[in-house]
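Please read the following walk-through with the model open beside it.

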Amino acid sequence: MYDVTAIGELLIDFAALSSDSAGYPTMKANPGGAPGNFLAALNAYGARTAFLGKVGGDAFGTLLVRTLADAGVETKGIVTDDTVFTTLAFVTFSPEGDRSFSFARKPGADTRLLFGELDLSLIDGARVFHFGTLSLTDEPVRTTTQKAVAYAREKGKMITFDPNLRPPLWKSREEAREQILWGLSRADVVKISDDEVEFLWGITDETEAAGKLLNEYGVRLAMITLGPKGAYLANRNGGARAVCPPVKPIDTTGAGDIFGGSAVARLLKTGKEPDCLTVEELAAIAAFASTAASLSTQVTGGIPSIPSEEAVLMHLCTGNA
């Protein structure tokens, strides 16, 4: 039995460590892919998880599968394809730590996943099914993901969704918007950034955005991340804010995924449905997730930067959050 099964991309994030005088960076390889980061965070905070996806039959694919297994994620749902390469993402940073992405994904192994290759027992045996839009950018994985979401809904699973907008991977902004809105209409719990909210609707007020998600899309728990300002969580009982602890970020890669994974982990620990959480419980979840995400930015990479539950709780207990 699993708490959460996710479908999506596994890839290598090459993060820039330094640049020479001509601007060419020295890169460090880190395990990446939003669903993998999300699941690893869930595992770090006590959940049992499984992954559905595809990697290339190459050294990086082998490394990624091993990394997820080491993080406690069930990997038997990961397919290896010798005809394509594992997807690569190259991440460079501004002086403030903001990221710019370039992708080697034409195609990447993650985009070639077929529905017939899915181990559906991993959905059957899970409480929650999670997906994001990077598995909606290309065929055949788009159809595979849509069918998997429909299957999970038919089985009565809670659906969690993260838009995780990466404009370079879409043919157009209109297509990205269409697919994100499709995802929102299928989800019970949504983790979405303030930038993604503005992209979709031109909204800059998080309370207005949460209301739209709850009332127009039927979302049962809206989690809106606000970068260094924290987060806002809302359901039918009200909303709650959390601020981020002061940190000096060196790499924000995976912070949103770690927020999502830690928030869902805390949700599951309550034993409640997402629309039944009290405002006090929303505040506690928001505080934990914001702290976990903030602490992660002090370490490079996604999975390697996930702070321990003890470190997050200690930070909260000492009043630093």
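This is a predicted model: local features need pLDDT of at least 70, side-chain atom pairs count only at pLDDT 80 or more; totals for chains, interfaces and linings use all residues.

Helix α10 covers residues 309–317, and Glu-309, Val-312 and His-315 are its buried positions. Viewed along the axis of α10, these buried residues fall within an arc of 130°, so they line one face of the helix. The face turned away from that buried side carries Glu-310, Met-314 and Cys-317, which are exposed.

The protein as a whole contains 10 helices and 13 strands. Its radius of gyration is 18 Å, close to the 20 Å that the globule rule gives for 321 residues, so the protein is as compact as a globular protein of that length. Along the principal axes, the C-alpha atoms fill a box of roughly 50 × 50 × 40 Å. Of the 321 residues, 57% count as buried. The accessible surface comes to about 13,100 Å², and carbon and sulfur atoms account for 52% of this surface.

Nine strands form an open sheet with mixed pairing, in the order β5-β4-β1-β8-β9-β10-β11-β12-β13. The edges are β5 (78–81) and β13 (238–242), each of which pairs on one side only. With direction ignored, neighbouring strands of this sheet are turned by 15° against each other on average.

The pairing can be followed from β9 onward. Strands β9 and β10 run parallel and are joined by two bridges; Phe-161 has Val-190 in β10 as its bridge partner. Two helices pack on the sheet here. Helix α6 touches β9, β10 and β11, and its direction makes about 90° with that of β10. Helix α7 touches β10, β11, β12 (231–235) and β13, and the direction of α7 makes about 150° with that of β11.

How are β10 and β11 paired, and over how many bridges? The two strands pair in the parallel sense over five bridges, and the partner of Lys-191 in β11 is Met-223. On the next step the sense is antiparallel, with four bridges joining β11 to β12. There, Ala-222 has Ala-234 of β12 as its bridge partner. Strands β11 and β12 form a hairpin with five residues between them, and Gly-227 in the turn has a positive phi of about 60°.

Strand β11 deserves a separate look. In a regular strand the side chains alternate between the two faces of the sheet. In β11 both faces are covered: Leu-221, Met-223 and Thr-225 are buried on one side, and Ala-222 and Ile-224 are buried on the other. Five of the five residues of β11 are buried, so the strand is largely enclosed by the rest of the structure.

Within α6 (residues 194–201), the buried residues are Glu-196, Val-197, Phe-199, Leu-200 and Trp-201. Seen down the helix axis, the buried residues of α6 fall within an arc of 165°, so they line one face of the helix. Their packing partners are the strands β9 (158–162), β10 (189–193) and β11 (221–225), together with the helices α5 (173–186) and α7 (206–216). Gly-202 follows α6 and has a positive phi, near 70°.

The peptide bond between Lys-106 and Pro-107 is cis, with omega about -5°, and Pro-107 belongs to the loop between β7 (99–104) and α3 (121–124). Another cis peptide bond runs from Glu-139 to Pro-140, with omega near 10°; Pro-140 is in the loop between β8 (126–132) and α4 (141–154).

The loop between β9 and α5 contains Asn-164. Phi of this residue is near 45°, a positive value in a residue other than glycine. Is Asn-164 buried or exposed? Its relative accessibility is 8%, and the cut-off for buried is under 20%, so Asn-164 counts as buried.

Conventions:
Residues are numbered from 1 along each chain as its sequence is written. Side-chain values use heavy atoms; hydrogens and water are left out. Buried means under 20% relative accessible area, exposed over 50%, partly exposed in between (1.4 Å probe, protein chains only). The arc is that of the directions from the helix axis to the C-beta atoms. Contact means heavy atoms within 4.5 Å. Two strands pair if DSSP finds at least two bridges between them. Axes are lines fitted to C-alpha atoms, for helices over the stretch in contact, and angles run from 0 to 180 degrees between N-to-C directions. The radius of gyration is taken over C-alpha atoms; the globule rule is 2.2 Å times the number of residues to the power 0.38. Accessible areas come from the Shrake-Rupley method with a 1.4 Å probe; for residues, only the protein chains shown count as cover.
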